[in-house]
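Please keep the sequence and the three-dimensional view side by side while reading.

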Amino acid sequence: MSTSPTSSTAVTDARTEPTIDLNADLGEGFGRWHLTDDEALLASVTSANVACGFHAGDPLTMRRVCEQAVAHGVRIGAQVSYRDLAGFGRRAMDVPAAELAAEVAYQIGALDLFARAAGGRVTYVKPHGALYNRTVRDGDQAAAVVEGVRLAVGALPVLGLPGSELLLAATAAGLPAVLEAFADRAYRPDGTLVPRTEAGAVLDDPELVIRRSVALARDGAVTAADGSILRMTARSLCVHGDTPGAARLAGRIRTELAEAGVAVRAFT
């Protein structure tokens, strides 16, 4: 996999200040169980990846988060997943392409209903967990996700890893491909994420995460797990909502980005 850009979306323009979107996963609860501090995160992020019921989320949670996002002026994105509530969408699954496309469309459609009822709409799509990782290299699953996006609401932007099969499929289908980087995940030298099953895959030092965020947004660079420097152009930066203290961390990242001269704005 290459970390070269797969679309014309870039972290900076020579004529303007560096710009980045700040996204986080929201609505990752079910019933009485709540994982993310949605209200607090929405005070800092510019885009909300809302769980659509397959890895987390339920109708009431989806409705509430959409209403809160609209109130905060935050863009609503559909975070689609394999059907895996028990495994939080992080278990590898083999789903036939036609079935996956239909399930992706189903999730987007459900969230868009609540988004529109709140006065907003779904403005982009991002896969979650195992589906996100699978579509980095699996062209068939990537094409199925893109088919589901087109089936649901048409030409929505797709958020994904630079150089991934997902973004290649989105571009081929005429959908905007938006490059994403991760503030709190370790990278391999090839630009892919270190699997969560390996030690050090998730970074829990807030100061390190903040420094990496600024470097990614301002300089287009991040240090891989082996110490090498990756050049990585991204338009959106992800902070995981289920990380302990995620809301406070997102707020600090936004403050540090602004102080570093980086404009924090949604990509849609």
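## Helices α3 and α5

The axes of α3 (residues 97–117) and α5 (residues 139–153) cross at roughly 40° and come within 7 Å; axes here are lines fitted to C-alpha atoms, for helices over the stretch in contact, and the angles run from 0 to 180 degrees between N-to-C directions. Helices are DSSP runs of H or I with at least four residues, strands are runs of E with at least two, and both are numbered from the N terminus. The crossing of α3 and α5 is right-handed, a crossing being right-handed if the near helix is turned clockwise from the far one by less than a right angle, and left-handed if anticlockwise.

On the α3 side the contact (heavy atoms within 4.5 Å) is made by Ala 97, Leu 100, Ala 101, Val 104, Ala 105, Ile 108 and Asp 112, while α5 contributes Gln 141, Ala 144, Val 145, Glu 147, Gly 148, Val 149, Leu 151, Ala 152 and Val 153. Sorted by class, the contact of α3 with α5 has twelve nonpolar, two polar and two charged residues, where Ala, Val, Leu, Ile, Met, Phe, Trp, Tyr, Cys and Pro count as nonpolar, Asp, Glu, Lys and Arg as charged, and the others, Gly among them, as polar.

## Basis of the model

This is a predicted model, in which local features need pLDDT of at least 70 and side-chain atom pairs count only at pLDDT 80 or more, whereas totals for chains, interfaces and linings use all residues. Residues are numbered from 1 along each chain as its sequence is written, and side-chain values use heavy atoms, with hydrogens and water left out.

## Helices α4 and α5

Helix α4 (residues 129–137) also packs against α5, at an angle of about 120° and with the axes 6 Å apart, which makes α4 oblique to α5. The crossing of α4 and α5 is left-handed. Leu 131, Arg 134, Thr 135 and Arg 137 of α4 meet Gly 139, Gln 141, Ala 142 and Val 145 of α5, and by class this contact has three nonpolar, three polar and two charged residues.

Val 145, which lies in helix α5, takes part both in the contact with α3 and in the contact with α4. With a relative accessible area of 1%, Val 145 is buried; buried means under 20% relative accessible area, exposed over 50%, and partly exposed in between, with a 1.4 Å probe and protein chains only. Leaving aside residues up to four places away in sequence, Val 145 touches Leu 100, Val 104, Pro 127, Leu 131, Thr 135 and Leu 166. Val 145 and Ala 98 are 47 residues apart in sequence, and their C-alpha atoms are 9.6 Å apart in space.

## Helices α2 and α3

The axes of helix α2 (residues 59–72) and α3 come within 8 Å and cross at roughly 45°, which makes α2 oblique to α3. The crossing of α2 and α3 is right-handed. Pro 59, Met 62, Arg 63 and Cys 66 of α2 meet Ala 110, Leu 111, Phe 114 and Ala 115 of α3, and these residues divide into seven nonpolar, no polar and one charged.

Leu 60 is also found in helix α2, and Leu 60 is exposed, with a relative accessible area of 63%. Between the C-alpha atoms of Leu 60 and Glu 259, which are 199 residues apart in sequence, the distance is 37 Å.

## Cysteines

The structure holds zero disulfides, a disulfide being a pair of cysteine sulfur atoms within 2.5 Å. Cys 52 is in no disulfide, and the nearest cysteine sulfur, that of Cys 66, is 8.5 Å away. Cys 52 counts as buried at 5% relative accessibility, and Cys 66 counts as buried at 0%.

## Two loop residues

Phe 88 lies in the loop between β3 (75–80) and α3, and its phi is near 60°, a positive value in a residue other than glycine. Most residues other than glycine have a negative phi. At 11% relative accessibility, Phe 88 counts as buried.

Leu 175 has its place in the loop between α6 (165–172) and β6 (177–182), and Leu 175 is buried, with a relative accessible area of 4%. Not counting residues up to four places away in sequence, Leu 175 touches Val 146, Val 149, Arg 150, Gly 154, Ala 155, Leu 156, Val 158 and Ala 170.

Terms used:
Parallel < 35°, antiparallel > 145°, perpendicular 65-115°, else oblique.
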